[in-house]
Amino acid sequence: MGVHDGPEYAHDFHQLVQRIETMAKAGAEIKPEDFYPEVKKHRGRSRDLPMDDIALRKAIENYLAIRLAAQPSVNKTDPLFLTQKGGPYSPNTLQEHFALMQRQWAGIERASSHSGRRTLMTNIIHEQKKSVKVAQKIAGHVSPSTTLIYEEPPEESLKEALQDVGCEYVG
């Protein structure tokens with residue numbers, strides 16, 4: 001059964017509709033966001049990563065300065081990025097926007113919301129030659145076996161290794 005299957009979900013939904021109906025009849029202001037289901041927290045552990053990229057840090061500082069100037073009542077618990085309508089992004093919309101930016105701005109044809117993460121992990125392991133443990137910590141994976149997926153060698157590495165071996169025998 002799915003999350004929204006069964007009589008319990010139907011009963012909860014019916015109660016919510018009745019509550020909204022009662023509020024509407026009483027003339028109360030009804031804001032849809034007050035009735036959204038609670039967002040499930042990521043079950044992984046949180047982690048703090050240093051933000052050493054000066055350009056990224058400056059861009060976020062500029063964004064926050066503009067946002068605070070336009071909306072001085074912003075709280076530190078408010079979402080960092082807002083949709084065009086001024087609300088928080090849903091996970092699906094945020095994923096779609098990231099994929100769209102990668103395709104349109106970076107020219108990555110088959111980009112997905114996971115492409116950047118995959119590129120980062122592959123870069124850390126193969127280009128920077130960091131350990132899987134470093135990549136695991138950055139990715140927030142509980143198990144190193146999850147991170148090992150990114151240790152798969154790129155095609156160019158396989159070709160180079162075979163060419164290097166061939167050169168040893170020839171020369």
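The legends below describe close-up views of a predicted model.

**Figure 1. Overall fold of the predicted model.** The protein holds seven helices and zero strands. Followed along the sequence, the order of elements is α-α-α-α-α-α-α. Of the 171 residues, 10% are buried. The accessible surface amounts to about 14,800 Å², and carbon and sulfur atoms account for 57% of that surface. When contacts are taken between residues at least 6 apart in sequence, 24% of them link residues at least 24 apart.

Figure 2. Side chains of opposite charge can pair when their charged atoms come close. E21 and K25 form a salt bridge, with 3.2 Å between the closest N and O atoms. The count for the model is one salt bridge. Both residues belong to helix α1, which spans residues 7-25. Because E21 and K25 are four residues apart in this helix, about one helical turn separates them. The two partners can also be described by their accessibility. E21 is partly exposed, at 43% relative accessibility, while K25 is exposed, at 67% relative accessible area.

Figure 3. Q102 sits in helix α3, which covers residues 91-104. Is Q102 buried or exposed? Its relative accessibility is 15%, so Q102 counts as buried; the cut-off for buried is under 20% relative accessible area. With residues up to four places away in sequence set aside, Q102 touches G107, I108 and A111, and also S112, S115 and G116.

**Figure 4. L80 and its contacts with residues 63, 64 and 67.** L80 lies in the loop that runs between α2 (54-70) and α3. Which residues does L80 contact, leaving aside neighbours within four places in sequence? They are Y63, L64 and R67. Of these, L64 is placed in helix α2. L80 and L64 are 16 residues apart in sequence, and their C-alpha atoms are 8.4 Å apart in space. L80 has a relative accessible area of 36%, so this residue is partly exposed. L64 is likewise described as partly exposed, with a relative accessible area of 33%.

**Figure 5. A nonpolar surface patch that includes L64 and L80.** The patch is made up of L64, L68, L80 and F81. Together these residues have about 330 Å² of accessible area. Why can L64 and L80 belong to a surface patch? Patch residues need over 30% relative accessible area. L64 has 33%, and L80 has 36%.

**Figure 6. A negative surface patch and helix α7.** Which residues form the negative patch? The members are E127, E155, E156, E160 and D164. Helix α7, residues 155-170, gives the most to the patch, with four residues. The relative accessible area of E156 is 52%, so E156 is exposed; the cut-off for exposed is over 50%.

Note on methods: Residues are numbered from 1 along each chain as its sequence is written. This is a predicted model: local features need pLDDT of at least 70, side-chain atom pairs count only at pLDDT 80 or more; totals for chains, interfaces and linings use all residues. Side-chain values use heavy atoms; hydrogens and water are left out. Patches are made of residues with over 30% relative accessible area and no salt bridge: like charges are joined within 9 Å, nonpolar side chains (Val, Leu, Ile, Met, Phe, Trp, Tyr) within 5 Å. Accessible areas come from the Shrake-Rupley method with a 1.4 Å probe; for residues, only the protein chains shown count as cover. A salt bridge is a side-chain nitrogen of Lys or Arg within 4 Å of a carboxyl oxygen of Asp or Glu. Lys and Arg count as positive and Asp and Glu as negative; His and the chain ends are not counted. The place of a charge is taken as NZ of Lys, CZ of Arg, CG of Asp or CD of Glu. Helices (H or I, at least four residues) and strands (E, at least two) are DSSP runs, numbered from the N terminus. Buried means under 20% relative accessible area, exposed over 50%, partly exposed in between (1.4 Å probe, protein chains only). Contact means heavy atoms within 4.5 Å.
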